[in-house]
Amino acid sequence: MLKLYNTLSRKKEVFTPIDGKTVTMYSCGPTVYNYAHIGNLRTYVFMDLLRRVLKYDGYKLNGVMNITDVGHLLSDGDEGEDKMETASRRLNKTPEEIAAFYTDAFVKDLAKLNISLPETVAKATDHIDDMIQYVEDLCEKGYGYETDDAVYFDISKFPQYGKLSRLKLDDQIAGARVSVNEQKRHPADFALWKKAEPNHIMKWQSPWGLGYPGWHIECSAMSRKYLGKIFDIHTGGVDHIPVHHENEIAQSEAREGQKTVNVWMHGEFMCVDGGKMSKSLGNTYTVDNLEERGYSPLAFRYFCLNAHYRKKLNFTFEGMDAAQVSYDRLLDAVYRHKAAPKTDDKAAEKYKAEFADAIDDDINIPLALGVLWKMLKESPSRNIYDAAMRFDAVLGLSLSKARPLKEEQPQQEQELPEQVKRLVEERSAARAAKDFAKSDELRAKIDALGYKVIDTKDGCRCEKK
């Protein structure tokens, strides 16, 4: 029985699709003004795992993901310039060229990480008419009002505003930045449609003059078009909860007069070295950056799988070193069972049940991964290999490409990685200074990278475990 954590209710709920067979699901996609960094991509690993679990459980999928190529301003509210226009000026290319280039880069990154695209990928600029109609409908119902610079949603007309983030309306208003537009009824009112300045590149004719859509309206309009008035699951990152998804709920439920999403699911942040990962802070890495450093993209996927999607994940290169070593060992462990004969034991069946229990408990992939590792420690058996292949339908680690670890050189000829060499040298210095706490800390780091330090009367040596 599949249970999913619903952000709206703050609890796990038994999942039952609306039609019982096909799951309808909308996932917030990228704003294609720059390369996706690995923090962004963790959200899509989560999306992919959820989709894989649903398929593993026998459901069909009707999934939609948007591509934001207009309307997303530099802040998640209504301040600053459009991110696409900013990138256009920075790179001296048209917004369309920018969108095409970075969409292609994003899709390639997903492929490297074994993330499959949803059944429908919808570009915002292909749905301007749908958005205009949506805004018109909201205005007719009394939720939208026009000012000199935009059409805004009046959140005071939607008493449930804040139910996803659990923020009260008064808190939203008090916490909003002071608006220079005195025509807004409340500082927290958000733009449905922005009127374009004369020098604005991306603009369309509308009942309110030349302009462009607000960021939030595209998800409401496109989910309505492809999934209907109400659908099963909406996914995104936790950063979307207080603004983007709160606004999406308000405008969708205001227009439809009913609940429009049954389950809201959000993936947690990826931090870097314990702090926030952000393009503005300059501490982001791309899949290409990881490959340049010698890591397999699937080692990064494995890194992500070791933390539950609702838990923060701290990225370090030491962690990636350990993930690469573990992923290589996983392929080796699977390989041991590949050529083995089938056996009559029931071990594989027991592990299949444990794996199913893990993934059905709110997509508990770390626990499921533990089941796989435990199973692979059994005596070589083709049954175990076949079960691992079935598990990989969820894990997406290309375990069918299982291979033995490369034969190691004799220990005296092994060349240690530079990072390990540096840690060994630091540890030797710590021991010489009788700083044994530091020495133990460095030994643990070396151990996590797959190497062991052996102390002798003549000093120490380091070798692969």
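Which residues are linked with Asp137 in a network of salt bridges?

Modeller: Asp137 is linked with Arg224, Arg255 and Glu256 in that network. Before going on, note that this is a predicted model, where local features need pLDDT of at least 70 and side-chain atom pairs count only at pLDDT 80 or more, while totals for chains, interfaces and linings use all residues. Residues are numbered from 1 along each chain as its sequence is written, and side-chain values use heavy atoms, with hydrogens and water left out.

A salt bridge here is a side-chain nitrogen of Lys or Arg within 4 Å of a carboxyl oxygen of Asp or Glu. Arg255, from your network, has another contact too: its charged end sits over the ring of Tyr134, 4.5 Å from the ring centre. To count as sitting over a ring, NZ of Lys or CZ of Arg must be within 6 Å of the ring centre and within 35 degrees of the ring normal. Arg390 does this with Tyr56, its charged end lying 4.2 Å from the centre of that ring.

Back to the salt bridges: a search of the whole structure turns up 28 of them. One of these pairs Glu81 with Arg89, whose closest N and O atoms are 2.3 Å apart. How well covered are such residues? For that we use relative accessible area, with a 1.4 Å probe and protein chains only: under 20% is buried, over 50% is exposed, and anything in between is partly exposed. Glu81, at 39%, is therefore partly exposed, and Arg89 is partly exposed as well, at 47%.

Another salt bridge brings together the side chains of Lys112 and Glu291, at 2.7 Å from N to O. This pair ties distant parts of the chain to each other: Lys112 is in helix α3, Glu291 is in helix α8 (residues 287–292), and they are 179 residues apart. Helices (H or I, at least four residues) and strands (E, at least two) are DSSP runs, numbered from the N terminus. Lys112 is partly exposed at 31% relative accessibility, and Glu291 is partly exposed at 32%.

Lys421 is partly exposed at 26%, whereas Glu418 is exposed at 58%.

Now for the aromatic rings. Rings of Phe, Tyr and Trp (its six-membered ring) pair if their centres lie within 6.5 Å; planes under 30 degrees apart are stacked, over 60 edge-to-face, and the rest tilted. The structure holds 20 aromatic pairs. In one of them, Tyr26 and Phe231 have ring centres 6.4 Å apart and planes at 50°, so this pair is tilted. Tyr26 is buried, with a relative accessible area of 0%, and Phe231 is buried at 2%. The rings of Tyr44 and Phe106 make an edge-to-face pair, because their planes are at 75°, with centres 5.1 Å apart. This pair also links distant parts of the chain: Tyr44 belongs to helix α1 (residues 38–56) and Phe106 to helix α3, 62 residues apart. Both count as buried, Tyr44 at 7% and Phe106 at 3%. Ring pairs also join Tyr285, Tyr295, Phe300, Phe303, Phe315 and Phe317 into a cluster.

Finally, some strands. Two strands pair if DSSP finds at least two bridges between them. Strand β1 (residues 3–6) and strand β2 (residues 11–14) run antiparallel and are joined by four bridges; in β2, Lys12 is the bridge partner of Tyr5. The two strands form a hairpin with four residues between them, and Arg10 in the turn has a positive phi of about 60°. Elsewhere, three strands make an open sheet in the order β13-β12-β14, with mixed pairing. β13 (275–276) and β14 (313–315) stand at the edges with a single partner strand each, so one side of each has no neighbour in the sheet. Two bridges join β12 (residues 270–272) to β13, and these strands run antiparallel. There, Val272 has Gly275 in β13 as its bridge partner.
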